[in-house]
Amino acid sequence: MFAYDLPVVAIVPLLWMAVRHVTITGDDLSYAVVLWKSALLYVVVRNVVRTDRQGVRCVALSMGVAGVVAVVAILQSLQLFGVDTLLTSLYAPFGDTSVLTANRGSATLGLAAATADLMIFNLALAVGWWARYGTRPGLIAGLLALLALGTLSSGQFSAAIGLVVTLV
């Protein structure tokens, strides 16, 4: 299946609901839009990032942003410096502040599992960067440690498993 086929797949459940005369809600539409957004993002990145240098820049930016999110997640999970209070005023999903004050690092993503996924993905990128370029090993080692701590700060058991699998 190609990325261009994903939006077509997203329409099938909605068509099936329409054929069965089931009311299509806003949630149904928002779930169907997720695949459209992924396909659109793929097309944009595929058409914008043309050279190896641009790709390297994108990976470096992704790892840098993940490092910032890791710091926020760690501070949030430890309830230091009022980060959890700041996040509840800015990023409370659907007004539910309990998600942001539960000693789990959800950072600005509003979901601890999403934060763990972001950390693990960028941890894999950092390992690949270190293996390929080997430049600034101290900086990459520090980033690896920060991303590993950010993953664990999410408080997700599956994140710990993902961390082990990624490092192995």
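**Talking through the fold**

Modeller: Happy to. Read along the sequence, the chain follows the pattern α-α-α-α-α-α-α. Keep in mind that this is a predicted model.

Colleague: How many helices and strands does that come to?

Modeller: The secondary structure amounts to seven helices and zero strands.

Colleague: And what share of the chain counts as buried?

Modeller: Of its 168 residues, 27% count as buried. As for contacts with a separation of 6 or more, 57% of them are between residues 24 or more positions apart.

Colleague: Let's go to α5. Which of its residues are buried?

Modeller: The buried ones are Ala 112, Thr 115, Ala 116, Met 119, Ile 120, Asn 122, Leu 123, Ala 126 and Trp 129.

Colleague: Nice. What do the buried residues of α5 pack against?

Modeller: Their partners are α3 (52-77), α6 (137-153) and α7 (157-167).

Colleague: What span should α5 have at 1.5 Å a residue?

Modeller: Helix α5 covers residues 112-133, and its 22 residues should span 32 Å. The C-alpha atoms at its ends are 31 Å apart, which agrees. After α5 comes Gly 134, with a positive phi near 60 degrees.

Colleague: On to α6, then. What is its reach from first C-alpha to last?

Modeller: α6 has 17 residues and reaches 24 Å, close to the 24 Å expected at 1.5 Å a residue. Just after α6, Gly 155 has a positive phi of about 75 degrees.

Colleague: Which residues of α6 are buried, and what covers them?

Modeller: Ile 140, Leu 143, Leu 144, Leu 147, Ala 148, Gly 150, Thr 151 and Ser 153 are the buried residues of α6. Their cover includes α3, α5 and α7.

Colleague: At what angle do α3 and α6 cross?

Modeller: Roughly 45 degrees, with the axes coming within 8 Å. The two helices are therefore oblique to each other, and α3 passes α6 in a left-handed crossing.

Colleague: Which residues make that contact?

Modeller: On α3 they are Met 63, Ala 66, Gly 67, Ala 70, Val 71, Ala 73, Ile 74 and Ser 77. On α6 they are Leu 143, Leu 146, Leu 147, Leu 149, Gly 150 and Ser 153. By class, the contact of α3 with α6 has ten nonpolar, four polar and no charged residues.

Colleague: How do α6 and α7 pack?

Modeller: Their axes are 8 Å apart, at an angle of about 155 degrees. That makes α6 roughly antiparallel to α7. Ala 148, Thr 151 and Leu 152 in α6 meet Ala 159, Ala 160 and Leu 163 in α7. The contact of α6 with α7 divides into five nonpolar, one polar and no charged residues.

Colleague: Changing topic, which residue other than glycine has a positive phi near 60 degrees?

Modeller: That would be His 21. For context, most residues other than glycine have a negative phi. His 21 sits in the loop between α1 (6-19) and α2 (26-48).

Colleague: Is His 21 buried or exposed?

Modeller: His 21 counts as exposed, because its relative accessibility is 73%.

Notes. Residues numbered from 1 in each chain as written. Predicted model: local features only at pLDDT ≥ 70, side-chain atom pairs only at ≥ 80, totals over all residues. Heavy atoms only, no water. Helix = DSSP H or I, 4+ residues; strand = E, 2+ residues; numbered from the N terminus. Expected span 1.5 Å × (residues − 1). Buried < 20%, exposed > 50% of the residue type's maximum accessible area, 1.4 Å probe, protein only. Contact = heavy atoms within 4.5 Å. Axes fitted to C-alpha atoms, helices over the stretch in contact; angles between N-to-C directions. Parallel < 35°, antiparallel > 145°, perpendicular 65-115°, else oblique. Left-handed = near helix turned anticlockwise from the far one by under 90°. Nonpolar A, V, L, I, M, F, W, Y, C, P; charged D, E, K, R; others polar.
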